[in-house]
Amino acid sequence: MSDENPDFIRTARSSYDAIADAYSERHPDGLGARPLEEALLTAFADLVRAGGTAPVADLGSGPGHVTARLDALGLPVFGVDLSPRMVELARRAHPGLRFHVGSMTSLDLPDATLGGITALYSVIHLPDEELPGVFAEFHRVLVPGGHVLLVFQSGDEEDRVHLAERFGQHISLDYYWRTPETVAAHLEKAGLTVRARMLREPYEEETRPRAFVLARKPG
């Protein structure tokens, strides 16, 4: 990662490097007992397989839990994360899978090479002005007919959160809450067709609803 990257990328990378070990221990299974999320991943895998054999990129892959789920569903998949420490932990936990350090703002991939993209709880750190460029990148790297599955905490768009501490570590992370309608509109502007959007109420310790948006590149 170059020093030319914007401040929000550098601070997110250093923050997740700092909390990577504690985060992985606290969340040994990224999805937990979440039947709805399991069903959506399965549906996503079915859609991608129906479209061909192009690989899937799990963006913001963290310790690799979702990447491993997609692999178990029979998809050729690799993980991408800003944090070198997260990538190191993911490679250790899932030695048979590929993980790379990178940013969804500028994917090191040729045009039209991915059959699918997942980004679970990772677009929440993108400032509003970055969404058009990121979703344009998704459109660029997807094959025609490729799918995107986004999952994120939803909330009032004027509500922003900045964390300076987590797991006892000093960090600097900004969280941006959005509705599924707002994210769907950005995807459509990038040339992706929204196929489904959904909002579920918080489970147990969760404090915010979870949004799910499924989109497809026409073709």
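**Helix packing and an aromatic pair**

In this predicted model, Arg13, Tyr16, Asp17, Ala20, Asp21, Tyr23 and Ser24 of helix 1 meet Pro84, Arg85, Met86 and Leu89 of helix 4. Contact means heavy atoms within 4.5 Å. Helices (H or I, at least four residues) and strands (E, at least two) are DSSP runs, numbered from the N terminus. The contact residues divide into six nonpolar, one polar and four charged. Here Ala, Val, Leu, Ile, Met, Phe, Trp, Tyr, Cys and Pro count as nonpolar, Asp, Glu, Lys and Arg as charged, and the others, Gly among them, as polar.

Residues are numbered from 1 along each chain as its sequence is written. Local features need pLDDT of at least 70, side-chain atom pairs count only at pLDDT 80 or more, totals for chains, interfaces and linings use all residues, and side-chain values use heavy atoms, without hydrogens or water.

Tyrosine 16 is buried, at 16% relative accessible area. Tyrosine 23 is partly exposed, at 23%. Buried means under 20%, exposed over 50%, and partly exposed in between (1.4 Å probe, protein chains only). Aromatic rings of Phe, Tyr and Trp (its six-membered ring) pair if their centres lie within 6.5 Å; planes under 30 degrees apart are stacked, over 60 edge-to-face, the rest tilted. The count is three aromatic pairs. The ring centres of tyrosine 16 and tyrosine 23 lie 6.5 Å apart with planes at 80°, so this pair is edge-to-face.
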